[in-house]
Amino acid sequence: MAPAGKALGFYNEGNEWFCNAGLPSDLTVVIDEVNFHLHKFPLLSRSGKIEKLIKETQNNDNDNDNDKDKETCFITLNEIPGGADGFLVAVKFCYGVPVELTPKNIVEVYCLAEYLEMIDAYGDDNLFSKAENYFHKNVLKNWKDCMVALQTCETFVTKADDLKIICKCLNAMSTMVCTDTSLFGWPMMMYGRLQSPGGSILWNGIDTGARIQSPESDWWFDDASCLGVALFERFVKTLKAKGIPPEKLTGAIMYYCGKHLHGLGRWQGCHMTKTTSITNFSTKSDTIDQRFSLETIVELFPQTKGKSVCRFLLGLLRVGLILGVNTKCQDSLERRIGMQLDLATLDGLMIPSYSDSDTLYNTECVERIINYYLTSEETGSTLSSSLIPSSNVSKLVDSYMAEIASDVNLKPEKLHSLAQALPESFRSLNDGLYRAVDIYFEAHPWLPEKEKEHLCHIIDCKKLSIDACAHASQNNRLPLRFVLQVLFFEQFHMKTALSDCLNMLNSENTPTGPMAVVPHDSAMASQIDGWVSLVRENQGLRVDMERMMARVHELEEELGKMRLELKRLS
């Protein structure tokens, strides 16, 4: 007990803690080089662990004749939850000093009480039962308190797991997330009875017309993003077990990644200001932490699809390539992207080459994504019978080839391999392939004729449009053999167009009845008109060329005559 008129308390002098009880200390507890000079009785009556340690120490010292050692008992507590500061809380409780329990210290006190065996067998309403009651009656019923307690568990993971603290917090939080938020009392409790039957807010009984805003489904995203990756992983798995919709889980994971993965915001299109570059990962330990986080998150990510999801996955793949994630993680990302490649964008596919490769872009990665897309189409897991996804993918791949074609270090085999990655049936027109090849020839003027011819094999001349044929027939960068093929099919198209035109005219001049209709639609007619106008233009150019050649021949003859006259005069 403290001296009369003086409250019981504790004070320290350096690493020495004392109690002002007015009695000499007969117990010294050593924790992390901090000495607590206390009294046996208050601690013996509350802590089973300290009682056992004191008995063991006294039994070992029975043969010691040192009076000082008999008067004072020395014990050491190793790996105590909370260290010296946590032990001070337990000491105050043993001496009868009120201890305030809060969501911030409840996990520490809970684990400390279990460690010191401060159970009801050593006194009614002991510290363990107090902490247990507070945790179940207060913390688990409030989202914010539960989140604060869960964050403090990261310091005492083993002990908190043994006491099922983490499991109980996760279950309580997941139940709140999966349950309709209106059942928790908001926003109804915010306004109480100040709400009209129509749902608007009342002021002095008057309908203000202002509507009560319903809570958003992402209200918990920011709080969940404050958890470490290990606890976040367990939280996500608990939510999955509770049956949360995959779309909500996807949103939470995307929010978490945007907050914790450096540079992802640039590719995800969120508010993050950091950019993706190798310099963002300054230290080796930081890189390892980021890599572990990304690999963990990829395993948690649900099988959802959408444009934003596809863009997010492409951003994860970029960051993963920088961090050097394992093969399993990279393969999983590429497979997921491939299953929804028709939703990807060109800028998302422009994945830089972060290795020692000479090329600017990672074409091998994109080719693997295309193969996964084709595999998913064969299994029927992603595409319907509609040809729209296939058309989108072919246009996307052709645009990607045109973008990378200007890379001077890109080998023709890479372009050839990318072009053949998609079946011919995916492309109704080969204009995109022609454009990519033309850009490649322009960026690689030194390419031999044989390699040019080999690369041109990816283009089907029969699938070139009128404009592409016209451009190719006058393109000096193309090999002569390919130009001749284009001219041949161009002539074939012209003959077909003229034949269709004549058939259409004959059908118009030969009416079959009052209800006779032209067998060609407007699209066919416009295409025929295009071919006819092209034929006329070519004929006009041919006539002009012949006239020019004749004029040049005449000028050459006149020049020869003038030279002969000059010789005679000289």
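**Ala-172**

I looked up Ala-172 and found it buried, with a relative accessible area of 15%; buried means under 20% relative accessible area, exposed over 50% and partly exposed in between, with a 1.4 Å probe and protein chains only. This is a predicted model, where local features need pLDDT of at least 70, side-chain atom pairs count only at pLDDT 80 or more, and totals for chains, interfaces and linings use all residues. Residues are numbered from 1 along each chain as its sequence is written, and side-chain values use heavy atoms, with hydrogens and water left out.

Ala-172 sits in helix H9, residues 165-178. Helices (H or I, at least four residues) and strands (E, at least two) are DSSP runs, numbered from the N terminus. Leaving aside residues up to four places away in sequence, I see Ala-172 touching Leu-140 and Cys-146; contact means heavy atoms within 4.5 Å. Lys-141 is 31 residues from Ala-172 along the chain, and their C-alpha atoms are separated by 7.4 Å.

**The whole protein**

I noted 26 helices and 7 strands in the protein. Of its 570 residues, 42% are buried. Taking contacts between residues at least 6 apart in sequence, 67% join residues at least 24 apart.

**Cysteines**

How many disulfides does a search of the whole structure find? The search gives 0, a disulfide being a pair of cysteine sulfur atoms within 2.5 Å.

**Helix H4**

H4 covers residues 83-94, and its 12 residues should span 16 Å at 1.5 Å a residue; the expected span is 1.5 Å times one less than the number of residues. The end C-alpha atoms of H4 are 17 Å apart, which agrees. I found 9 of the 12 residues of H4 buried, so this helix is largely enclosed by the rest of the structure. Among the buried ones are Phe-87, Leu-88, Val-91, Phe-93 and Cys-94. After H4 comes Gly-96, with a positive phi near 90 degrees.

**Helix H19 and its neighbours**

For H19 (residues 363-379) I ran the same kind of check: 17 residues should span 24 Å, and the end C-alpha atoms are 25 Å apart, which agrees. Its buried residues include Cys-365, Ile-369, Tyr-372 and Tyr-373. Which helices do the buried residues of H19 pack against? They pack against H16 (307-323), H17 (327-338), H18 (346-349), H20 (388-404) and H21 (412-421).

I then took the pair H19 and H21, which pack at an angle of about 15 degrees with axes 10 Å apart. Axes are lines fitted to C-alpha atoms, for helices over the stretch in contact, and angles run from 0 to 180 degrees between N-to-C directions. That makes H19 roughly parallel to H21; angles under 35 degrees count as roughly parallel, over 145 as roughly antiparallel, 65 to 115 as roughly perpendicular and the rest as oblique. The contact is made by Thr-363, Glu-364, Val-366, Glu-367, Ile-370 and Leu-374 of H19 with Lys-414, Ser-417, Leu-418 and Ala-421 of H21.

**Positive phi in loops**

Asp-32 has a phi near 50 degrees, positive in a residue other than glycine. I placed Asp-32 in the loop between strands E3 (27-31) and E4 (34-38), where it is exposed at 58% relative accessible area. Glu-117, also not a glycine, has a positive phi near 55 degrees. Glu-117 lies in the loop between helices H5 (106-115) and H6 (127-137) and is partly exposed at 25%.
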